[in-house]
Amino acid sequence: MKIKNICCIGAGYVGGPTMAVIADKCPHIQIDVLDINENRIASWNNPDLGELPIFEPGLSKIIGRCRGKNLHFSNLLKEKISKADMVFISVNTPTKKRGLGAGKASDLKWVEASARQVANYSRGHTIVVEKSTLPVRTAEAIKIILQAAKETNSKENQSTFDVLSNPEFLSEGTAINDLLHPDRVLIGGENHKAIDALAEIYKNWVPENKILKTNIWSSELAKLTSNAFLAQRVSSINSISALCEATGADIREVSRAIGADSRIGSKFLESGPGFGGSCFKKDILNLVYLAEYFGLPEVATFWNEVVKINNWHQHRISKLIIKKLFGTLSGKKIAVLGFAFKKDTNDTRESAAIQICKDLLDEGSQLIIHDPKVSPEQISNDLGLNQNSLDSIKYPGEGNWCFADEVEDALIDADAALIVTEWPEYTKINWNNASRKMRKPAWVFDSRSIIDPKDIDKEEINFWRVGDGLN
Ligand code: NAD
Ligand code: UGA
């Protein structure tokens, strides 16, 4: 099977960068990235490459090279799917908000809608590729939908399908590098011809020994398990950071010491404000749901603890700030530095900043929030609260927030600064100058360990950082 035309349903954080890299590496393939969200498509087509809908280092250059040549963004689902030899499904799969499995299971309504679109519009033989992260055995549901379409199709349109699982392992902020140099590409499926057709595409830039072929269920489960293991490492190190603070140990030294063991490895051992991002929590909850569904409550409880510790850790940080500021935040100004769930992305989904800011607002604090890539509108949505000028407080003790364009502005008259995202620019703050702007006694809370304690004059500013038992 030679693939000439690819469609991707879903032009999000995965669909956009993934298809851009395939287009760049495979100029012989025409790629259409499709979305029902017209604004998103318009942004992908924006002539100003600084205005793409997602911020991802290196992405705009690739879009500049391929867009309009072999990479196209549109909402022409019917027309483009009908011409495609291969359709990637890369739509959102958030946790279900209501109904059976609410709060844990993935909501598959967008995946099902995509499968129906493929069923209705495709012609001839189409390879359908699950790119979204899906519960084990979703491919079965997709197959049933496609099969049903085949049976109802007219005689002239006897379309046929293969379904493959090809989960994505990119991380936001390093997506382009992850796509260009993946640790592995995983392809799960039954039909070897279809698997090989997809592998041929990756072989244009990925060494063959990195392309793993498995059965479809292993592939689906490997993706959930991979995220669960990564999140579990973050929860593990964060839980130990609390113990460090209680005992006089230092989490950075503990991480270095355990990471030097080649069986453990040094990555994903940085204590922070708690993991965020659109996937860790939802994928673990999905795993928990599957374990419960298959009658394995002990397995479910084990993984659920990873999420519980993460929630606890985020609240632990806000409680600690309240305690250090004499048990009350009423009317106090706190500069929140960073709102994205990690550096190098404008994504705020499940960011620790959301929970921590909500806790601080509940205590009546005045937050001045800065982030180099997140918009004030996004922060309003996440906090469920519009920004106000901080002078417009109606009732003393009422929580309020406003956006600061510059870090320096955020620090004026602040009682405390809290670093939530590890943006490099926050490592360059001159704290001795900043101290002159802040109200005394002033505090700096570093939940990312990006400040060198030597850069802070402890006579002038009180300093706390995560997992530092000498705080
Ligand atoms: P996203 O919300 O950024 O993008 C999904 C897009 O799909 C949206 O633009 C939405 O409008 C579109 N869409 C939904 N239903 C559609 C339909 N029927 N037809 C056309 N368009 C439709 O989501 P994302 O972050 O790109 O994640 C997509 C999937 O990839 C999820 O399953 C996620 O778990 C997985 N994943 C995400 C990441 C990540 O870093 N964000 C990494 C690996 C895997
Ligand atoms: C994660 C996985 O790393 C990807 O492999 C996966 O494809 C993706 O989820 C997904 O399925 O969506 P991502 O969420 O983009 O990628 O970012 P990570 O780098 O994994 O970070 C997740 C969270 O953990 C961030 O809040 C980050 O700050 C935090 N983290 C990470 C730590 O607190 N400490 C660490 O040592 C590492």
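Q: Where does Thr126 lie?
A: Thr126 belongs to strand E5, which covers residues 125-130. Strands (E, at least two residues) and helices (H or I, at least four) are DSSP runs, numbered from the N terminus. The model is predicted, so local features need pLDDT of at least 70 and side-chain atom pairs count only at pLDDT 80 or more, while totals for chains, interfaces and linings use all residues. Residues are numbered from 1 along each chain as its sequence is written, chains are lettered from A and ligands numbered from 1 in the order in which they are written, and side-chain values use heavy atoms, leaving out hydrogens and water.

Q: Why does Thr126 count as buried?
A: Buried means under 20% relative accessible area, exposed means over 50%, and partly exposed is in between (1.4 Å probe, protein chains only). Thr126 has 0% relative accessibility, so Thr126 counts as buried.

Q: What makes the pair of Tyr202 and Trp205 tilted?
A: Rings of Phe, Tyr and Trp (its six-membered ring) pair if their centres lie within 6.5 Å; planes under 30 degrees apart are stacked, over 60 edge-to-face, and the rest tilted. The structure holds ten aromatic pairs. In the pair of Tyr202 and Trp205 the centres are 5.6 Å apart and the planes stand at 50°, so this pair is tilted. Both residues are buried.

Q: How do you know that Phe268 and Phe280 form an aromatic pair?
A: Their centres are 6.4 Å apart, and with 55° between the planes the pair is tilted. Phe268 lies in the loop between helix H10 (251-259) and helix H11 (280-293), and Phe280 lies in helix H11, so the pair ties together parts twelve residues apart in sequence.

Q: Why does Phe268 count as partly exposed?
A: Phe268 has 38% relative accessibility, so Phe268 counts as partly exposed. Phe280, at 14%, counts as buried.

Q: How do you know that the charged end of Arg184 sits over the ring of Phe169?
A: A charge sits over a ring if NZ of Lys or CZ of Arg is within 6 Å of the ring centre and within 35 degrees of the ring normal. The charged end of Arg184 is 3.6 Å from the ring centre of Phe169. Lys373 likewise lies over the face of Phe55, 4.3 Å from the ring centre.

Q: Which residues come nearest to ligand 1?
A: A residue is near a molecule if one of its heavy atoms lies within 4 Å of it. Of the 27 residues around ligand 1, Asp35, Arg40, Thr93, Glu172 and Lys282 come nearest.

Q: What makes a polar contact between Glu172 and ligand 1?
A: A polar contact is a pair of N or O atoms within 3.5 Å; within protein, one must be able to donate a hydrogen and the other to accept it, and residues adjacent in sequence count only if both atoms are side-chain atoms. A polar side-chain atom of Glu172 is 2.8 Å from a nitrogen atom of ligand 1.

Q: Which side chains lie 2.8 Å from an oxygen atom of ligand 2?
A: A polar side-chain atom of Lys223 lies at 2.8 Å from an oxygen atom of the ligand, and an N or O atom in the side chain of Asn227 is also 2.8 Å from an oxygen atom of ligand 2. For Lys342 the value is 2.9 Å.
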